[in-house]
Every structure is written in structure tokens, then in C-alpha cells.
Amino acid sequence: MANIPEHVLSEYERLKDELNQHNHRYYVLDDPAVPDSEYDRQMRLLQDLEQRYPTLLTPDSPSQRVGGVALTAFTQVRHDIAMLSLDNAFSDAELEDFDRRIKDRLNYAAQEQAPEIEFACEPKLDGVAVSLLYLDGLLVRGATRGDGMVGEDITANVRTINSIPLKLVGENIPELLEVRGEIYLPRAGFDALNAKAINAGDKTFVNPRNAAAGSLRQLDSKITASRPLEMCAYSVGQFQAQTKPDTHLAMLSALRNWGFKINQHVEAVVGVADCQDYYSRLAERRDSLAYDIDGIVYKVNDLHLQQRLGFVAKAPRWAIARKFPAQEEMTKLLDVEFQVGRTGAVTPVARLEPVFVGGVTVSNATLHNGDEIKRLGICIGDTVIIRRAGDVIPQVAKVILEKRPANAQPIVFPERCPVCQSSVRRAEGEAVARCSGGLFCGAQIKQAIKHFASRKAMDIDGLGDKLVDLLVDQNVIFSVADLYDLRAEQLVGLERMADKSAANLVAAIESSKQTSLAKFLYALGIREVGEATSQTLANNFGSLEAVAAADADQLLEVDDIGPVVARHIVNFFRNPDNVSIIEALRAAGVNWPDIDQNAQVSQPLKGQTWVLTGGMEMLSRAEAKDRLQALGAKVAGSVSAKTSQVVAGPGAGSKLAKAQSLDIPVMDEAEFLLFLNNTE
Ligand code: JCF
């Protein structure tokens, strides 16, 4: 470094520190301090310096997160302190046994008033366990757990993970620190990775854990760098420091201060009953977490007690994992049925031997389309892995070829619609095959009517799915327009239709005539035109005539409308069948106020994103959403740095917490009503 000027050295250190800080704010705290453009600018300055003075480069440089030269093999790493696994508890009773064993071991029975044990509770992340070694605050080695004694050196790969500090920050940095934790792939990253794999015709990963493990096993760290992995710290192995914390929670807090990400749901409770309560609370939120968890880890919080308790065989006596129901199970594919949707899309649906997975019994799973069937290579009779995680519909994640029976049947995609026998066609470049029958197809008519009557569309109370099926099957109605000619006499006598319910339905149909332009547009069921797009169209064009007359170029001028949606809209209004149905609906008296083009030029909330959470007493969720959208706001389901405002009612949970941590303004229902009254 002899020939590097002093001011360059200090500028280099400054840039590294600042970039490491920005990185920490962004990836660990979820709270960026500068815009991406500023981060990129500083990174370029750093890279310029490293180009000009190659000897400057140190392994803790944030520029190294992009990965480097590929390895030819991983070297082995011996863990000085074994990385143990956890014992499992599969029931409340087994958790109570765990608590009892601890008390016995500590001889609490001999004590008059034995205290309850304090436990640290945390979600058990479903990823890959790693060990990170820091010498004087610098990351020097990352290793997999391996068999607990010997793992693999994955230093180059862990350096690419943004939530892992390359250099510790804060006070009292230990001379030697081995941090243990879980590297995992959030579900969104997993979905994106698999979507990319499907596009490229590559094999997909079964679950986020396999994807995380596969990403860490790469000899080329550039590949690891391209995967959105995260790491949460949960314990400490080797540790040489002046002072040490007394509890597990205090240790996690120290790790947080040194720059690690710590799970935000970690909590201390006293006694096993409160452990069960924590379990129930987390189980309820499992589906809404951003990552997979497979249970709860309970640890004796007092580190001195932990030491007294020690280990048995391969696991500590002071910790246990209480498992959740599995999110993956094996079952058999019994048959495949082909369902026809509102837009004619023919969707293969797997009929499965019922299996309990992710907390529910699953007997159907979508197979999406013909490409997916090919990609999975699935046959009827196959044994498959079903995955249900995060509130999404169950998926067939994998076929177990070893278990394929001799009489397995290939799945044949139908060439004719199973409902109306029209030909099934697949447009160039599209994965979805569609029935070409349009409104000749009973399935499409039924779905169109169900959609039309649904709550967010024309909101016809009492017109349930079963009744629509009956009305279409018995040739009572052929289109949505026929609903408005229905008379009570036609309904009475249909299955479970008495005088009273028939009269109620006719009245509900009558009152649905009074609607809004946005709801009517949505009710038409134009492909890709959902609630939000319908509202946008209504706001921008003001009348149905104007929407129907718009050409693709005019539609494209509207925010959020792209070429595909524009084409669907134009095609819809060009179709004479659709035009005559709209005419019939208007002739029957369906009406709405046109939107005053002048009044809505000023949409005061345009560009803002609002989030509603918790309960509301004065307004329904749907009404609150409608009124916000009418003011030009987008209403989103989750809080992010882009959220403008959160409205939180009683019982608001993680969304409120997230808003507070991101410093996003929050109002309660009373403030919200006042705001609406002053703004509308
Ligand atoms: O989240 C986890 N998978 C996890 C695994 C969390 C912990 O606190 C653990 C662990 C494995 C061993 N603690 C130990 C001692």
C-alpha cells in the first residue's frame, strides 16, 4: 500500500463503512436511509477506487457481494464446538415432558416453591444452518453445519448474502465470535426463482429450503449472489469477549447491535402454558409470514441454566423444537379433471387421495396448464409431493418417479371442451388452452353469471353458485341479461327455493340495477380487468360509452393499463354478443351515475398507496376501499416502504407493527372518517 495516498485510504474506508451501513439499513432493518440511486453512486465510487488501486481491496468490501471466481471444490471445516440439532416435540404433552425433564434435572421438585422456567420462543426457520466466524469484527469464514462436526467452507457464498455483516458494527466487538443462524429464501424469492426456472425450461425447486441449500452449494458465488437469500442469527458458538450476556434474549440483542438480522417474533415467556399460547399465536400467523417456518423453538432463556442443563447425545437439554403440521406430504394422483373457467381457460385439476398438509385436508390441486403437466412429467397413479404454504392453493411440487406403478396412465389434454364439445385452442405463446365456445359454452356462461352477481360486482344477494348452475342447466337463463327478466314463479320449485327466498332474490336483482360504473365494468368480466382496473377505467373515461369507444392507444395512455389489457378491452367491446348483452342490461334498467369529468380531475390521493388493517366499526372494509379508490388511492394488502398511509383498527397486528417500524403514518378509524369527510 506504500504508494496509495493517505486521502485515498481514508476515502476508501469511509465509502466501505457508509455502504455497509446503507446495506444494513436496507437488508437488516428494512428501513433504507438513501435511495437506490445514491447507493449505486457510492458503489461506483468504491469500485473505481478498487480498480485504480487494486491493493486496496479487502474481503469486507461491499463490492465483494456480487461473487467472485468460481471454486473447484469446497474444503472441509471442523466445528470447534459441535453444531447440534434440536429434539422435536410433536404435541403439547411432549412439550410438557420437556419442561418436566428440565425441572427434574434442576432438582426443582426438592424445592418448596419451584419457579416456572423462563423460555425464549422463536419461529423455527426452514432453511440451512450456518456458522459464521468473525475475528476482530471481520467475517473470515462461513461454513455449513454438515454432520454437526464437519461442514463445508462456503465463505465466498455467504459474503454475497446482504443481511450477513461483512464487518461487525457497534460497541464491544468481541475478539472472536462464531454466529450461528439459518440461511433461508423468503417465499417471494422462491416463487420468483421457480418462475424464472419455468420460463427457462429448467427444473424447479420443491420448496424454499431446497432452493436455499442448492443456492449455497454453488461453486460459483455469482450464482449465489443472484439468489435473494437472507440470514437470521439465533445463537453463538465460539465466543471470546470481555463481557457476556446472561440470557439468550440479551445475546440476540447483542447480535442485533452488531448488525445481524434477528427474527422479529422472538419473545420470552414464563412457564410451559405460555409456550403453548405462543405456539397458537404463531400457528395462526404462519400462512401470512414471508418465509416458511416448520415449528417453534423454545430455549431456556437463562444461559447459566443452559450450561447446568448441558446436552444429551446430539441435542441440548435446554431447547426443543415444537413442530407444526408439515407443509409437504406424499399422496397419490387419482385422476385429472379439466375445468372450464369464465374466460374459457381449460384448467387441469388433480384429484388426490386426501392428505393432511399445511393444517388442512387437501384433495384437489391445480395443475395449471399443459406445460406444467409436461414439466412435472406426471401420470395418473403417480405418487406426488403436495406442498401447501402461505395461504396459497396447494401445488404438486414433485413426482416421485421411483414409486410410479406399472399401470400409470399418461394425462391427455382434451382437444374438445369437456362441457360444450367446442374445440380447445391454445394461442401462440400462451400457456393456457381455451374452449372456443364462448357464450355457447355452459361452463363459461355459468362462470360469467357467478362473477356478474358476486359481491364486488353487481352484488346480487341470494344468487349462489348452485342456483346459477341450476338456472343455466335448466335453460331458464342464457346470459347475465336474462337475470333481469326472472320472475318469482320461475324460481319457486327449484331446489330449496320457497316463495320467500324467490321473492327476496327477485328484489335483490331489482336493487342491483342501481350500481356504479366501476362495478358494472368489473361485472362484465373483461379478461384481466379486475376491480382496480375497472375503477381506473371509470375514473379516466367517466362513462361506459367513452370506455367502449376508446381505442388501444387511448387506453394505453391510462396509468396501469398495458398493451395486453388494452387489447382485451378493445376486443370485448368489438364483440357484438357483448354489445347486445350490455344493451339488454341497460334496457332492463341497470344504471349508474356517470362520473363528472371535471370533479375527478383532482384526485387528491392519486399516487398514494393505502393499507387497511384490523377491524372497523363504522365502515365495512369494502366501503373504505371503494371510497379511497374513488379519491385516486391504491389500496394494497401489505405494508412496505412505499405505503403512504395505514388505517389501523382494533386487533391490527403485524401490518401495524411494520408500519411503525418503517415510520409510516397510521390513523385510526375515527381519524379516517374525519379525513374522508374533509377530502371527498
Ligand atoms: O430456526 C431454526 N431453524 C433454528 C435452529 C433456530 C434455533 O434457535 C436453533 C436451531 C438449531 C439449533 N437453535 C439450536 C440450538
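Which side chain has an N or O atom 3.3 Å from a nitrogen atom of the ligand? I looked it up, and the side chain is that of Glu182.

**Entry 1: ground rules.** I am working with a predicted model, where local features need pLDDT of at least 70, side-chain atom pairs count only at pLDDT 80 or more, and totals for chains, interfaces and linings use all residues. Residues are numbered from 1 along each chain as its sequence is written, and side-chain values use heavy atoms, with hydrogens and water left out.

Next I checked polar contacts (N or O pairs within 3.5 Å). Glu122 puts a polar side-chain atom 2.4 Å from a ligand oxygen atom. For Lys299, a side-chain N or O atom is 2.6 Å from an oxygen atom of the ligand. The ligand alone exposes 360 Å², and the protein buries 90% of that (Shrake-Rupley method, 1.4 Å probe).

Strands here are DSSP E runs of at least two residues, and helices are H or I runs of at least four.

**Entry 2: a sheet.** I traced an open sheet of four strands, ordered β24-β23-β25-β26 with parallel pairing. Pairing takes at least two DSSP bridges. The edge strands are β24 (634-636) and β26 (666-667). Three bridges join β23 (609-613) to β24, and Thr609 stands opposite Lys634.

Technical notes: A polar contact is a pair of N or O atoms within 3.5 Å; within protein, one must be able to donate a hydrogen and the other to accept it, and residues adjacent in sequence count only if both atoms are side-chain atoms.
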